[in-house]
Amino acid sequence: MFRTLTSRLTVRYTILFAVLSIVVFVIVYATLSSSMKQKVDKELQEEVVEFGGLYQAQGLATLDAVLQHEAASEGLDRAFFLLLSPEKEIRASSDLSSWQGIDFMPDDLDELGENQHVLRTISIPDRARNVRVIYKRLVDGHLLEIGVSVEDKDALMAMYREMFLTAIMVMILCGSIMGRFTARRAMSGVERVTQAAVSIGKDNINQRVLPGNEGAEIDGLATAFNDMLARIQNLLAELQDVTNNIAHDLRSPITRIRGIAETTATGEAGIEEYREMAGIIVEECDRLVEMINTMLEIATADSGLAKFSHEPVNVGELVAQSCDLFSPLAEEKSIVLECKIPPESIKIETDIARLQRAVANILDNAIKYTPDGGTVSVKVERDGQTAMILIADSGIGIVPSDLPRIFERFYRGDHSRSSSGNGLGLSYADAVIRAHGGKILVESLQTKGSSFTVVLPGIIESS
Ligand code: ADP
């Protein structure tokens with residue numbers, strides 16, 4: 001029953017209402033009862049002073065007459081008056097017949113000093129009501145007693161108790177109804193998001209939870225849920241892409257392998273031809289494995305699942321090594337490879353192997369797509385907190401319509417078909433640099449050359 005948050009909230013609201021009502025009741029009751037008591041006591045004190053004064057000024061007879069009159073006008077069963085001598089003899093009193101059962105001469109008052117008084121509440125058992133009594137010792141040792149019935153006050157307090165108990169019941173009931181209503185309203189947004197989540201299956205993953213008016217928290221939940229859906233959708237699209245690429249781009253090398261094997265097997269082949277075929281198949285298989293590995297690397301880097309290492313690396317040094325690595329290739333094509341590395345260290349935290357491979361891919365393209373005798377220049381620069389690697393060539397350039405597509409997986413420009421490659425080099429570089437929080441910028445003019453700028457943020461200041 002209490003599994004849902006709505007019922008728990010309802011119970012909490014109800015308890016809160018009940019506790020608050022009871023606290024209010026107790027405070028009001030205590031204040032009311034004490035102020036009533038104070039009022040009665042004050043009246044009694046005033047009367048005892050008045051009658052004490054009268055006794056001293058005008059004597060016993062006058063007091064007796066006044067007491068009789070006072071009791072009669074007050075009601076004989078509502079108040080009594082009594083004057084006791086020091087020897088505990090009744091010297092004057094009102095009609096005491098309604099006050100049977102009261103001890104008018106309590107022994108413990110013998111010690112009460114002159115002009116002192118005490119106030120007591122006495123209950124009369126057979127009449128089930130209380131009497132408030134004041135005892136005052138007069139200067140000549142007499143004890144003046146005045147008692148008033150507090151029946152009315154008790155009845156009022158009892159009525160108040162009953163009324164309040166009913167009110168508390170009603171408030172608790174209202175509290176639980178309101179609590180349930182409020183909790184349901186607060187939870188309605190969560191329910192809506194849950195419903196939407198349940199209804200989103202694999203076929204309608206592009207559906208989203210619509211914004212409602214249940215408050216910022218629910219909007220936050222809906223936004224977080226939608227963001228998560230978007231990420232899942234991206235991953236699914238990524239997976240779909242990889243699957244499509246595998247289906248499409250791996251088919252041709254496999255068909256080629258199969259063709260070679262078939263031609264050799266069906267022709268009149270000698271051992272030499274078989275050797276040659278085996279060699280080609282091994283080469284093709286190696287290329288295939290490399291392609292598959294690169295595709296997986298790109299997919300994991302793009303999805304954020306790749307485990308990159310984070311070592312502090314001097315970008316200048318890393319690029320200089322790449323230049324060294326490619327200088328024989330450049331020399332072979334009589335390409336001038338200029339490498340400008342600044343003397344100061346430009347350090348960033350990076351996965352050294354992956355960054356090296358990304359830079360190598362761009363440099364390899366620059367040399368590959370530059371005709372013999374051209375120039376390739378490599379520079380490392382610092383721009384504020386960002387490291388820049390600039391690789392420019394005087395090569396064939398990129399057709400403007402190809403520019404937005406060169407980072408796509410397996411995309412190869414038309415003019416590149418004659419050169420070796422699988423269309424994954426720039427996709428890999430792009431995925432790795434983006435995973436580092438950076439980007440690759442390209443500018444190219446057909447027949448004039450291209451320039452790639454790798455932007456890597458987060459330079460570490462060397463101490
Ligand atoms: P590829 O294996 O074809 O080199 P890449 O992903 O490395 O694949 O590059 C994608 C395409 O971008 C290339 O096919 C080529 O058309 C174009 N490209 C890349 N770098 C250059 C460059 N430096 N000069 C001219 N074209 C380039």
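Author: Let's begin at L329, which is in contact with D364 and I367 once its neighbours within four places in sequence are set aside; contact here means heavy atoms within 4.5 Å. This is a predicted model, in which local features need pLDDT of at least 70, side-chain atom pairs count only at pLDDT 80 or more, and totals for chains, interfaces and linings use all residues. Residues are numbered from 1 along each chain as its sequence is written, and side-chain values use heavy atoms, with hydrogens and water left out.

L329 belongs to helix α6, residues 315-332. Helices (H or I, at least four residues) and strands (E, at least two) are DSSP runs, numbered from the N terminus. Between the C-alpha atoms of L329 and D364 there are 8.9 Å, although the two residues are 35 places apart along the chain. L329 is partly exposed, with a relative accessible area of 33%. On this scale, buried means under 20% relative accessible area, exposed over 50%, and partly exposed in between (1.4 Å probe, protein chains only).

From there, step to N314, which sits in strand β6, residues 311-314. N314 is buried, at 17% relative accessible area. Leaving out residues up to four places away in sequence, N314 touches S345, I346 and K347.

Next come the charged pairs. Side chains of opposite charge can pair when their charged atoms come close. A salt bridge is counted when a side-chain nitrogen of Lys or Arg is within 4 Å of a carboxyl oxygen of Asp or Glu, and a search of the whole structure finds 18 of them. One joins the side chains of D41 and R132, at 2.7 Å from N to O. That pair links distant parts of the chain, with D41 in helix α1 and R132 in strand β4 (residues 129-137), 91 residues apart. D41 counts as buried at 13% relative accessibility, and R132 is buried too, at 9%.

Another salt bridge brings together the side chains of R382 and E461, 2.7 Å from N to O. R382 lies in strand β9 (residues 375-383) and E461 in the segment after β13 (459-460), so this pair ties together parts that are 79 residues apart in sequence. Here R382 is partly exposed, at 35% relative accessible area, and E461 is partly exposed as well, at 49%.

A local example is the salt bridge between the side chains of D430 and R434, 3.2 Å from N to O. Both residues lie in helix α8 (residues 425-435), 4 residues apart, which is about one turn of the helix. D430 is buried, with a relative accessible area of 14%, whereas R434 counts as partly exposed at 43%. This pair also belongs to a network of salt bridges that links D302, R409, D430 and R434.

Helix α1 runs over residues 5-74 and contains V19. V19 is partly exposed, at 46% relative accessible area. Together with V11, I15, V23 and I27, V19 makes a nonpolar surface patch of about 400 Å². Patches are made of residues with over 30% relative accessible area and no salt bridge, joining like charges within 9 Å and nonpolar side chains (Val, Leu, Ile, Met, Phe, Trp, Tyr) within 5 Å; the areas come from the Shrake-Rupley method with a 1.4 Å probe, and for residues only the protein chains shown count as cover.

T10 is also in helix α1, but T10 is buried, at 10% relative accessible area. Not counting residues up to four places away in sequence, T10 touches S176, G179, R180 and A183. Among the buried residues of α2 are S176, G179 and A183, and the buried residues of α2 pack against α1 and α3. α2 bends by about 35° at M187, where the bend is the angle between axes fitted to the seven residues ending there and the seven starting there.

Finally, α3 covers residues 216-249; at 1.5 Å a residue, its 34 residues should span 50 Å, and its end C-alpha atoms are 48 Å apart, which agrees. The expected span is 1.5 Å times one less than the number of residues. Buried residues in α3 include F225, L229 and V242, and what covers the buried residues of α3 includes α2 (151-199), α4 (251-266) and α5 (271-303).
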